[in-house]
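Subject: Structure handover

Hello,

Here is the structure I promised to pass on. Please open it and keep it beside this email as you read.

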Amino acid sequence: MSSLLTPFINAFKIPELRRKILITLVILIIFRIAAHIPVGGVDFAGLKSLFQSNQLLGLLDIFSGGTLANFSVISLGLNPYINASIIMQLLTMVFPKLEALSKEGEQGRQQINQYTRYLTVPLALVQAVAMYSLLRNQGLVTAFTPLEIITIVVSMTAGTIFLMWLGELITEKGIGNGVSLMIFAGIVAGLPSGVSQFVATYDSSQWMAVLLYAAIAIVTIVGVVFVSEGQRNIPVQYARLVRGQGASAGGVGSTLPLRVNMVGVIPIIFAISLLLFPSLIAQFFARAKVAWVAKTATTVIVALQNQWLYGILYFLLVVGFTYFYTTVIFHPEKISENLQKNGGFIPGIRPGQATTEYLNNVIHRITLGGALFLGAIAVLPLLARGATGSSALALGGTSLLIVVSVVIESVKQVESQLTMREYDAY
């Protein structure tokens, strides 16, 4: 624990880093205050009971930071923004114009981010209507007039836009990834109530489930740390340059570190968001007047409630998004080009295209191990839930996975900022 806190303690000694950490904390406090501002028009006691009894809704509540169970103005959380990001990244790989735009440097990335924000608004509207329809079907809604319905939908949509702005503000002005940190804050904020609820309902016959949960927690923490810290060092040699009067430079050996998991917790967030989105939309169409639409929506809901199907899809999505997001952030052709410009080469590998292909092969191999391991840890709590029948295991395991990953990611970002300033001092 002390090794994790040391970077933050040292960061407070540097005014710029201290300001970034304080900005992050203030924004997270604002997020938690907004989480307790209710929209109204809902039976809150029945709402909490619904989310406790439904695993998918429980996961959705986790990713909204516990705001759905309170039906606050930020009830939808960042799910529409995450879904918009997934859609935009997929479209970037499909449409050449968007792909070209993404390669135009910072200006291109800002333009794509703007498109993502525009797309978030209709997605938030659809999810707000779907959530209202779900609660109305469950008999939990007390608001029925058009003005009341519009107020609820617009409030929830505006809440998502507000959260999106806060998340981007953390990423830009604070420390760490804004989306990950806000989900982390929501999970941590729900820990006291979760522990008190477990203690209140604890039965001595559940000791086996508690031991199993503790074992899963240890395996998850060790596994996430192991994968996050794992890397392969590619040897790089720089050619010796001879300059005037026999002076020489270069000829230094170095390494190119390639991490087993370059994307942190993003694949898990994307995977669960993509799993929850169809279920939420299907709830909206479950009582449609068109028979085949209602039947299709019901089939989707029932299918995603099947633990085996849900676990398989979850595993495949985590693996797939790990690969997908790695290709988004890792560009072997650029690394190869930079090495060649600086007179660097990988021993035994020709500079240029051969280096690009070599780096591609290496990153695909090491990412496979990291993706499979991350997917296995993600579904491990679901397997334990099937063995014990305790839904808390599935929810707790997913939460623990995200918390550990975000903590490691944040600590590394603080350490990198400290290292950069040490170099600047020299």
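Below is what I found, taken one topic at a time. Please note that this is a predicted model.

**The surface patch**

Start on the outside. Val26, Ile30, Phe162 and Trp165 form a nonpolar patch on the surface. Together they have about 370 Å² of accessible area. Two elements give two or more residues each to the patch: helix H2 (15-34) and helix H9 (146-173). Val26 is found in helix H2. Its relative accessibility is 47%, so Val26 counts as partly exposed.

Now look at the two aromatic members. Phe162 is partly exposed, at 31% relative accessible area. Trp165 is partly exposed too, at 49%. Phe162 and Trp165 also form an aromatic pair. Their ring centres are 6.2 Å apart, with 35° between the planes, and the pair is tilted. Where do the two sit along helix H9? They are three residues apart there, which means about one helical turn separates them.

The structure holds six aromatic pairs. Another one to find is Phe270 with Tyr325. The ring centres are 5.6 Å apart and the planes stand at 90°, so this pair is edge-to-face. It links distant parts of the chain. Phe270 is in helix H13 (residues 266-285), and Tyr325 is in helix H15 (residues 307-329). The two are 55 residues apart.

Are these two residues buried or exposed? Phe270 has a relative accessible area of 6%, so it is buried. Tyr325 has 18% relative accessibility, and buried means under 20%, so Tyr325 counts as buried as well. Ring pairs also link Phe270, Phe321, Phe324 and Tyr325 into a cluster.

The charged end of Arg32 sits over the ring of Phe31, 5.2 Å from the ring centre.

**Salt bridges**

Side chains of opposite charge can pair when their charged atoms come close. How many salt bridges are there? The count comes to two.

Take Glu168 and Arg117. Their side chains meet in a salt bridge, at 2.9 Å from N to O. Glu168 lies in helix H9 and Arg117 in helix H8, so the pair ties together parts that are 51 residues apart in sequence. Arg117 is partly exposed, at 24% relative accessibility.

Then take Glu337 and Lys341. Their closest N and O atoms are 3.2 Å apart. Both are in helix H16 (residues 332-341), four residues apart, so about one helical turn lies between them. Glu337 is partly exposed, with a relative accessible area of 42%. Lys341 is exposed, at 62%.

Thr116 lies in helix H8 (residues 106-137). At 5% relative accessibility, Thr116 counts as buried. Thr116 and Met88 are 28 residues apart in sequence. In space, their C-alpha atoms are 6.3 Å apart.

**The sheet**

Last, find the open sheet of three strands. Its order is S4-S1-S5, and the pairing is antiparallel. Which strands stand at the edges? They are strand S4 (253-259) and strand S5 (344-345). Each has a single partner strand, so one side of each is left without a neighbour in the sheet. Two bridges join strand S1 (residues 231-238) to S5. To locate one of these contacts, look at Tyr238: its bridge partner in S5 is Gly344.

Best wishes

Note on methods
Residues are numbered from 1 along each chain as its sequence is written. This is a predicted model: local features need pLDDT of at least 70, side-chain atom pairs count only at pLDDT 80 or more; totals for chains, interfaces and linings use all residues. Side-chain values use heavy atoms; hydrogens and water are left out. Patches are made of residues with over 30% relative accessible area and no salt bridge: like charges are joined within 9 Å, nonpolar side chains (Val, Leu, Ile, Met, Phe, Trp, Tyr) within 5 Å. Accessible areas come from the Shrake-Rupley method with a 1.4 Å probe; for residues, only the protein chains shown count as cover. A salt bridge is a side-chain nitrogen of Lys or Arg within 4 Å of a carboxyl oxygen of Asp or Glu. Buried means under 20% relative accessible area, exposed over 50%, partly exposed in between (1.4 Å probe, protein chains only). Two strands pair if DSSP finds at least two bridges between them. Rings of Phe, Tyr and Trp (its six-membered ring) pair if their centres lie within 6.5 Å; planes under 30 degrees apart count as stacked, over 60 as edge-to-face and the rest as tilted. A charge sits over a ring if NZ of Lys or CZ of Arg is within 6 Å of the ring centre and within 35 degrees of the ring normal.
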